[in-house]
Each structure stands twice: as structure tokens, then as C-alpha cells.
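My plan is to look things up one at a time and jot down what turns up.

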Amino acid sequence: MKELQERIVRDGKVLSESVLKVDAFLNHQVDPQLTMKIGARFAELFREENVTKVVTIEASGIHFALATSYALGVPFVYAKKKKAVTLTEEVYSAKVHSFTRQETYQISVSKQYLQAGDRVLIVDDFLATGAALIGLAQIVKDAGAHLVGIGAVIEKSFQEGRGLLEKQGIRIESLARIQSMSSGQIHFIESAATHA
């Protein structure tokens, strides 16, 4: 997605060869127009899959899942990182390690909102090590639902996430695939998903 790539170059900050800061427009302060375009692009890429639910993990994926589910006309569900006192029903859960926060936590989704027969699209802000997405994919599998694919806003292709997910036969569409980053330089991999 050209507009997304341009914003990453203009407003993103390369903090190291593996850390990209995009909090000026994607995951702290959010550009709502760009977010809705991202959702529309994911909807376009997965429209033929008859998605019934969009799933993400709190918190940085929520607005992209909302935009995607709005464009598809289906509900979205987000996995919670901490079990709330109001979450009294049975849940599907998985352990996930956060590369950014350097901590491991348990994510959970109520069994009430994810069921066998659902056709699920997972959407998240980053694909890097793949840990969060592997955890979400496991929850979808545990529910007996069908995972149609994963939409990642930004992919750090130099990390192992894509490979681990593709080994499971999961379709991945990333809107900005970063090949490498160093001292303010960002190099992208062009793919079908990025041309929009």
C-alpha cells in the first residue's frame, strides 16, 4: 500500500535494525483516514473468503480490526491480555511473548464469540516474530473455526514470523513489507498487497 509506505518513511522512526516506531500515526496517535483505508484494503484482499469474524489482539490491532470488519460488514473480536472480572464464561487462551514489551502473557477470547463454523480473518499492526499471530491462530484452531488468513499492516520480513506462519499453511497479506532498516533507511519488498 503505497500511501502506508510513504507515511512509514515520512513519519516512522527507525530506532534500531529491528525496531520501528510508528506511534505518530498508527499505534499511539492514530490517523483515522489511513486506518479506514487499511481496513478497506484488507477487506478487498479477503473479500472472496466469506469472512464471518475478524480477530485481533488488544490494543494496537483493535482499530485495524474495526476498520476491516466495518468494510466487510462482520463483527470483530479482540483477544484480551488480562482476564477481566466480567469475563466469567469459558475462554480459549494461548500464551504469547511480546517482542516489543519483552514479556509473556496469556491472551483469551470468550467461547461465546468464536465458534466452529466461523471463517476468521486475523488482523494486526505488526508481523515480526509471529508470536502474537501464532497465539491467535491457535485460538481460532481450538475453536474449530476456519482461519482464512492473516492481514498485517506492517511486516518486518527480516524476522522469522512469516516463515513460521507459512509452515502452518496460513495465507499472509502484509500492506508494507520491510526488507531492512538502518539509520533512517527503510527498504520495502513489493508484493500484490502493497500495490494500492
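**Entry 1: a cut-off to keep handy.** A residue is buried under 20% relative accessible area, exposed over 50%, and partly exposed in between. I also note that this is a predicted model.

Lys21 has 35% relative accessibility, so I call Lys21 partly exposed. The side chain of Lys21 meets that of Asp23 in a salt bridge, at 3.8 Å from N to O. Asp23 comes out at 27%, so Asp23 is partly exposed as well.

I picked out Glu3 and Lys37, whose closest N and O atoms are 3.1 Å apart in a salt bridge. This pair links distant parts of the chain, since Glu3 is in helix α1 (residues 2–11) and Lys37 in helix α2 (residues 32–46), 34 residues apart. Glu3 is partly exposed because its relative accessibility is 30%. Lys37 has 42%, so Lys37 counts as partly exposed too.

Next I looked at Glu49, which forms a salt bridge with Arg119, with 3.2 Å between the closest N and O atoms. These two are 70 residues apart: Glu49 is in the loop between α2 and β3 (53–57), and Arg119 is in strand β7 (residues 119–127). Are they buried or exposed, or in between? Glu49 has a relative accessible area of 21%, so I write down partly exposed. Arg119 gets the label partly exposed because its value is 25%. I also found a network: Arg7, Arg10, Asp11 and Asp31 are joined by salt bridges that share partners.

**Entry 2: the sheet.** In what order do the strands of the open sheet lie? I read off β4-β3-β7-β8-β9-β10, which makes 6 strands with mixed pairing. At the edges I have β4 (76–79) and β10 (185–189), each pairing on one side only. From one strand to the next, the twist averages 25°.

Then I went through some of the pairs. β7 and β8 run parallel and are joined by 8 bridges. Within β8, Ala152 is the bridge partner of Asp124. β8 and β9 also run parallel, with 6 bridges between them. Here Glu155 has Arg177 in β9 as its bridge partner. β9 and β10, on the other hand, are antiparallel and pair over 5 bridges. Arg177 turns up again, standing opposite Ile189 in β10.

How much of β9 is covered? Strand β9 (residues 172–182) has 8 buried residues out of 11, so I note it as mostly covered, using the under 20% cut-off.

Entry 3: Most residues other than glycine have a negative phi, and most peptide bonds are trans. I went looking for exceptions.

Ser183 takes a positive phi near 30°, in the hairpin of β9 and β10, which has 2 residues between the strands. Asn50 also has a positive phi, near 50°. I find Asn50 in the loop between α2 and β3. With a relative accessible area of 54%, Asn50 is over the line and so counts as exposed.

Which peptide bond is cis, with omega near 5°? The one from Glu58 to Ala59. Ala59 is in the loop between β3 and α3 (62–72).

Entry 4: I checked Lys82, which is in the loop between β4 and β5 (91–98). Lys82 counts as exposed because its relative accessibility is 68%.

**Entry 5: a pocket.** I finished with the second largest pocket, which holds about 180 Å³ of space. Its lining includes Ile134, Lys141, His146 and Gln168. Which helix gives the largest share of this lining? It is α4, with 5 residues. Both α4 (131–142) and β8 (146–156) supply at least two lining residues. By type, I have 6 nonpolar, 3 polar and 1 charged.

Terms used: Residues are numbered from 1 along each chain as its sequence is written. This is a predicted model: local features need pLDDT of at least 70, side-chain atom pairs count only at pLDDT 80 or more; totals for chains, interfaces and linings use all residues. Side-chain values use heavy atoms; hydrogens and water are left out. On a 1 Å grid over the protein atoms alone, a cavity is a set of points where a 1.4 Å probe fits but cannot get out, and a pocket is an open set with protein on both sides within 12 Å along at least five of seven lines; lining residues have an atom within 4 Å of a point. Grid points are joined across faces, edges and corners, and a volume is the space filled by probe spheres set on the points. Helices (H or I, at least four residues) and strands (E, at least two) are DSSP runs, numbered from the N terminus. Ala, Val, Leu, Ile, Met, Phe, Trp, Tyr, Cys and Pro count as nonpolar, Asp, Glu, Lys and Arg as charged, and the others, Gly among them, as polar. A salt bridge is a side-chain nitrogen of Lys or Arg within 4 Å of a carboxyl oxygen of Asp or Glu. Buried means under 20% relative accessible area, exposed over 50%, partly exposed in between (1.4 Å probe, protein chains only). Two strands pair if DSSP finds at least two bridges between them. Axes are lines fitted to C-alpha atoms, for helices over the stretch in contact, and angles run from 0 to 180 degrees between N-to-C directions.
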